[in-house]
Amino acid sequence: MYVRFVKRLLDIVFGLIAMPILGILILVFGPQIKREDNGPIFYNAPRVGKDGVEFKMYKFRSMKVNAPDLKMADGSTYNGADDPRMTRIGAFLRRTSIDEVPQFLNVLKGDMSLIGPRPDLRRETELYQGNEGEKLKVKPGITGYAAAYGRNSLPWHERLKLDVYYVHHVSFAFDVRIFFKTIQTVFKQEGVYVEE
């Protein structure tokens, strides 16, 4: 009942509330993103969603145009504070998580939920081990259990373990807990980058 109906209803409500905020952010940061290297404002990132269906995830572009894909030893995408691919304004957007706000468009479209496992690249899903693929049983989220409690500071497979735990224990109370923990994590700018 909660996952099929109430969760979707809450997603729509939060998505609609976020639209005016997104509009303001586009007006404020759009020209700065464009001015830095004359590239597009948005990065339409291909990601794998529920049941393995691929979709385009919207983000404010934080990297230089045509930046290469840098991989960690475990196969996950590199995301460090010293990432040479980031633009100056992109570093700020990433640190404050403002780059993720356009994903409320994905929430309204139904590709994503407000709360759920963070979506992975197709090549990353091919590296799943054991039951890690179970994270694809639910819609990916703008934030989730792993994102709120560790973010990028956790090793990738540790994050996947938390994602699978979420899938098995999803509930309204769990989502509320993740929501408020996310606010705390973003405010403190914790776990933004990969830690060696």
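View 1. Helices (H or I, at least four residues) and strands (E, at least two) are DSSP runs numbered from the N terminus. In helix α2 (residues 88–96), the buried residues are Ile89, Gly90, Leu93, Arg94 and Thr96; buried is under 20% relative accessible area, exposed over 50%, and partly exposed in between (1.4 Å probe, protein chains only). The model is predicted: local features need pLDDT of at least 70, side-chain atom pairs count only at pLDDT 80 or more, and totals for chains, interfaces and linings use all residues. Residues are numbered from 1 along each chain as its sequence is written, and side-chain values use heavy atoms, with hydrogens and water left out.

**View 2. The two ends of α2.** A side-chain oxygen of Thr87 lies 2.9 Å from the backbone nitrogen of Gly90, capping the N-terminal end of α2.

**View 3. Packing of α1 on α7.** Helix α1 (residues 2–37) packs against helix α7 (residues 172–188) at about 30 degrees, the axes being 11 Å apart. The two helices are therefore roughly parallel, a term for angles under 35 degrees. Tyr2, Lys7, Leu10 and Phe14 of α1 meet Phe172, Asp175 and Phe179 of α7. Five of these contact residues are nonpolar, none polar and two charged.

**View 4. Phe180 of α7.** Phe180 is found in helix α7 and counts as exposed because its relative accessibility is 54%. Its C-alpha atom is 28 Å from that of Gly30, 150 residues away along the chain.

Notes: Axes fitted to C-alpha atoms, helices over the stretch in contact; angles between N-to-C directions. Parallel < 35°, antiparallel > 145°, perpendicular 65-115°, else oblique. Contact = heavy atoms within 4.5 Å. Nonpolar A, V, L, I, M, F, W, Y, C, P; charged D, E, K, R; others polar. Polar contact = N/O pair within 3.5 Å; in protein donor to acceptor, adjacent residues only side chain to side chain.
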